[in-house]
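Subject: Structure handover

Hello,

Here is the structure to look through. My notes follow below it.

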Amino acid sequence: MLAALIFYLFAGILSLSALMVITARNPVHSVLFLILAFFNAAGLFVMLGAEFIGMLLVIVYVGAVAVLFLFVVMMLNMEFKELRKGSMRFIPVGLLLGGVLLTELVIVYQTWKINPKVLTETLGDSAAAPEVPLTNTEALGQILYTDYIYIFQGAGMILLVAMIGAIVLTLRERSGLKRQKVADQQKRQASDVLEIKKVTPGTGI
Amino acid sequence: MINLPISIDAIIPEITLACGAMFLLIIGALSKRIITNTLSYAAVLLLIFTFFLLVSLNWDTSISMNGFFVMDSFAGLIKSAVLLSMAGVLALSTGYMKREEIVAFEYPILVLLSTLGMMVMVSANDLLSLYIGLELQSLALYVLATIRRNSLRSAEAGIKYFVLGALSSGMILFGSSIIYGFAGTTNFTAIAEAFSANPDMKLGLSMGLVFLLSGLAFKISAAPFHMWTPDVYEGAPTSVTALFAIVPKLAALALMMRIFCEPFMGLQDMWVQILWVLSVASMLVGAFAALTQENIKRLLAYSSIGNVGYALIGIIVGGTGGLGATLYYFLIYMAMTAGTFGIIMSLRREGASLEKIESLEGMSKTHPVQAYVLAILMFSMSGIPPMAGFFGKLFIFESAIAGGYIYLAVLGVVSSVVAAYYYLRIIKVMFFDEQVEELQYETNVPRDAVIIVSILIITGLVLMPEPLLIMTQNATASLF
Amino acid sequence: MAFLSVFSPLIAFFFAFLFGKQLGDRGAQFLTCAGVILAAMCSCFLFVDVAINGHTQTILLMNWIDVGGFEATWNIRLDTLSVVMMCVITIVSSCVHVYSIGYMSHDPAKARFMSYLSLFTFAMLMLVTADNLLQLFFGWEGVGLASYLLIGFWNTKHSANSAAMKAFIVNRVGDFGLVLGMFTIFVVFGTIHFDEIFAVAPEKATVLFNFMGFQVHALTLACLLLFIGACGKSAQLGLHTWLPDAMEGPTPVSALIHAATMVTAGVFLVARFSPVFEYAPDALMVVCVVGATTAFVAATIGMTQFDIKRVIAYSTMSQLGYMFFALGVSAYGAAMFHLVTHAFFKALLFLGAGSVIHAMSDEQDMRNMGGIWKKIPFTYALMWIGSLALAGIPFFAGYYSKDIMLESAFADYTWFGHYAYWMGIAAAFMTAFYSWRLIIMTFHGDPRANKEVMSHIHESPKVMLLPLIVLAIGAIFAGAALYKPFVGGSSHHGADDHHLEVDLHHSDNETEHHNNEHDNDAPVLEEDHEDTTAWNRIGFWKDSIKVMPENDTVEAAHNVPKWVKLLPTIMGACGIFLAYVIYLWGAGLAGKFTKLFKPLHNLFFHKWYFDELYNVLFKEGAIGFGRMFSRTDKGVIDGLGPDGIARSAVCGGGILRRIQNGFVYQYAFIMMIGLICLITWVVFGGMQ
């Protein structure tokens, strides 16, 4: 009962804040609502017993991604109202389409039932599981580098590409910047830069 | 030999490619000078080396990496084609990149990584590896589209491609999650088993498949998911456009074939209808929208949309006949496109690259050989015998008729007749119009070599259309 | 032998095209001429071997495609029909090759021109020797390609370019029909090999097709689609607009491609498919009506044109119409007969016209000619021969072939047969009229060209005249010589009674045999027919043409009333007489006539407004359609222009704004709409 209550609390806040993300006028508010949504989703994961993913959500999404968003939004200082104009035109049709999609998803959901085979497999596994249950982290660690090594490495390559991409597209070597070069400074001698001239009064150089 | 817990034999080409790409990346980053060209040649060699590794493998069907990876003769053929055509595209682009002063040494690295992504896609035996491969491939391509970062159009193309590509990835993920929800597994073989055991999950799987299919349709730019194509083709540097036009679609088509034939064979009556719509829409858009194009790259974009439409016909027909015809068609299309882009990249007018069709005016007088080569390519593209493109279309339409899809064949012929007009216009401009300004042809050994190979393929297939067709049909036989 | 006859032009093409520079003009000319003449000699030899000695054969060159249920081979099929075509093609082509040496002597790109001509010859040979539809289509497109290249050969002329383009596009429409026809045949018969198709055609005569919800007779559909292809190549009404414009090409090209050979490919196609057409009477009716109408309409236009080549072009179109209506009444032999004689005299006329144009310093307008017959008497005489043959004056080639076609049409005793006969008679009158109008305006009267041109007029060099003589011999004697094997079992009905009596006697015999056959229920084309020598059309054509006994109009043509036989000749003579009256003797009469029939003249002069109609219907339509697509496709981008935006956007914020401007939204939106439509379809389709 209590679990159900907490579930609905998290789920309700999650849906509401997700709605606020896309309707809030101020973009900073949007990002803040996004963070709230992440927190609630993390709570839901914890309730499911997936504490690792829950924490991951908090650390990575809230701690890194959303905060980065916040910085970007604040630094760009853009006229969001103007940007919004383009998208506003599509709202009525968008709502209609969303409605249609939702109905269809509901219809399809009606036919859902859990695949019996999956049920037996997971139950069978848990029966054979060791006495001391593994924590999420341990369980993931056990399969991530063995069963899922292929996918894991693949994901690594994706991140590599993302990194390369970010560097290629943003790193600029600007010419004309003044940089301190210690070696050059030390090599410099008075004779290189100074020239002594005798100036006769009244003539200039 | 080190005794590994899992066998990595089948993925040796992938590992080689990944390690090679990272090695070249380090070399590029550490080098004091800009060595883009050297790296490009090294990358070409790496691709060819990988190709030989792949050929030396055993192509019998085997599933490895805990069910994520499948190696069979189908994957083998497609991967070979991907590797070789990528090598060709890199060879095409070296001269162009140098001339356009795109110096980023990451260019060949990104090409290598996207090739890796395509190989993963082609060998995917699980929704997870499908997604990883697709994303690796696309992410590298997004960056490549934007690589000329000082050009507004290039940046615009990249961002458009990225945003829409992200949407399509979202569709694929959403679809995958629906499929997982119903089938309880992401493995292709297991999905097929689950479906045959519980036919009542049909509706759910269908819905998931539609999402998946829409995402893939974006990748192969089938109408109505094609909108990005002309803009991105136009905006991206021509060498990147060539890459877009030639290689990724093959990988995505192969992926489609695999998911239709393996996990979703039971839903055939459903996906055939959807492909029907996609195919017809693509053929018509490709034929009609190109009529008014003035920009060569946009024209080729619509041409590729149309060609994907024809290629889909074979998938609809199914069986080794249909799939074989599709592969055959697409391989020829790749060869033709490579040659066409090669010529376009070599031509310059007043020091700038060609953009407009009318810039080709009078080419036959100043550069007759190149003009004839381009004319052969265009005739082939429009499917006029005796060129190879004709056989591609012939086999596609023949399979459609044999499979009872007469309307598709008729629509295909209608649109290829219409499309012939714009290919022909290029020939007309080259041969019959007066030259206004001088054209320069830049010779570049690797690029010219690619053009020659492409012409050889096209003319060689005229006399011997059969061996390749048998090869593609045998390859597709491993899907069933 | 067969190899040499087909491939020597190809070899010549390769050498002349690739090594044109090294060979030099002389070398290229020599090589190509030698290749084609060799082919011509081999073809004549084959003609004797196959058509007369009856050694019908099919030579397998190589297996080409063999996948699943679909197979195709490269063959050289030698039967009477194909060797007849081969002879015509190679002989006319040889003449044109030789002629071109003289005609193109001022052109800088001689080697290229000669190589294209050889390429064309090869493609045409490929077409006629095909043993399956695919190889036929191969040759079909090959000749189209060569024709495209040759029409646009003088690429500095704008009109030549647009003519080449037009020819190609109109032909694509025809080819579209042909491809669909091939599809239909493949669907119905499951093969594309001629022998297999023809063998089972009788069984398929009752197959019905469900097409767009209608029950359609499968063979009729297939035949009609093939006929659309034939219409495109052979410039029949509806798809004819390219032929007159094709005259922009060099004159030898017009003679070879647009008069003698390529345009007759359609006639060949229908004749080749006679075993199928015989089972599709409705299709034959359409062929007949279209042919007859074309013959008439083209002749009316021919009377009003002033460009010397265009007049001959319309005459070609009209004569092709004749061939088609002959095909339509099952008189395939007669059509082929006319095809052969027409090839000779029309090539002669074209080359003669070329000789005139050459002499007149490239003047083509007849209004600027006149009074030159004394200066170029040789050409003048040859033009007379050609025109006499064209007008069907007795004992010239055209007389025999045209009459037998008209008689066959009459002897069909159907409404469309009679329609064709009367249209043909009218066209025969007009043919004679415009032929002499051409001769008189070109050669007689007062010189209308300026002095300078007149002073330059000279007879063409020998190298141009020699081929003309060869063709002239054909134009005079081909009719009489080939009459018996092609269409006869009996001699032609002459004007005098003596012949007629003999003839009646003969025809009685024929009828008797005919009846016998009916009794035995044996097909007419049985080898062991009473008269198996080659000098009889049945022994001559053998299996290459199939006519059902009840459709054998050529047979019946020998028994039509006398007036039917005489009328074409009389009309021809009247036409010539009228031309003399109007253009030579009665000065100013032409203008009066024009005024008198102003509306009619306008209609004819503007070619029945076909071009204008098509422009409105298709060109504008298709381009508008394309615009519509690209507009919906690209949203507003085109209006602003990609360049315009790139210019107006200055900084990074500019890009972002532009991305946000709705284009990406729009694209994403269309994707979503597509997705949701598909889902809706699947969900609601799946639920039922």
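Of the 205 residues in chain A, 12% are buried (20 or more other C-beta atoms within 10 Å of a residue's own; exposed means 12 or fewer, partly exposed in between, with C-beta atoms placed from the backbone). Please note that this is a predicted model, where local features need pLDDT of at least 70, side-chain atom pairs count only at pLDDT 80 or more, and totals for chains, interfaces and linings use all residues. Residues are numbered from 1 along each chain as its sequence is written, while chains are lettered from A and ligands numbered from 1 in the order in which they are written.

Chain A has 10 helices and zero strands. Helices (H or I, at least four residues) and strands (E, at least two) are DSSP runs, numbered from the N terminus. Two residues are in contact if their C-beta atoms, placed from the backbone, lie within 7 Å.

Chain B

In chain B, 69% of the 480 residues are buried. For contacts between residues at least 6 apart in sequence, 80% in chain B join residues at least 24 apart. The chain holds 20 helices and five strands. Its radius of gyration is 21 Å, close to the 23 Å of the globule rule for 480 residues, so chain B is as compact as a globular protein of that length. That radius is taken over C-alpha atoms, and the rule is 2.2 Å times the number of residues to the power 0.38. Along its principal axes, the C-alpha trace of chain B spans about 70 × 60 × 40 Å.

Chain B splits into domain 1 (1-263) and domain 2 (266-480). These bounds come from an automatic or database domain assignment. The domain centres, taken over C-alpha atoms, are 22 Å apart. Where they touch, 48 residues of domain 1 meet 48 residues of domain 2. On the domain 1 side, H3(B) gives the most, with 11 residues. That side divides into 28 nonpolar, 14 polar and six charged residues. Ala, Val, Leu, Ile, Met, Phe, Trp, Tyr, Cys and Pro count as nonpolar, Asp, Glu, Lys and Arg as charged, and the others, Gly among them, as polar.

Now look at helix H14 of chain B (residues 319-346). Its 28 residues should span 40 Å at 1.5 Å a residue, and its end C-alpha atoms are 41 Å apart, which agrees. The expected span is 1.5 Å times one less than the number of residues. H14(B) is mostly covered, with 26 of its 28 residues buried.

Chain B also has an open sheet of three strands, in the order S4-S3-S5, with antiparallel pairing. S4 (352-353) and S5 (439-441) stand at the edges with a single partner strand each, so one side of each has no neighbour in the sheet. Strands pair if DSSP finds at least two bridges between them. S3 (residues 347-349) and S4(B) pair over two bridges. B:Arg349 stands opposite B:Ala352 in S4(B).

Chains B and C

This contact takes 52 residues from chain C and 52 residues from chain B. H30(C) supplies the largest share of the chain C side, 15 residues. That side of chain C divides into 35 nonpolar, 10 polar and seven charged residues.

Best wishes
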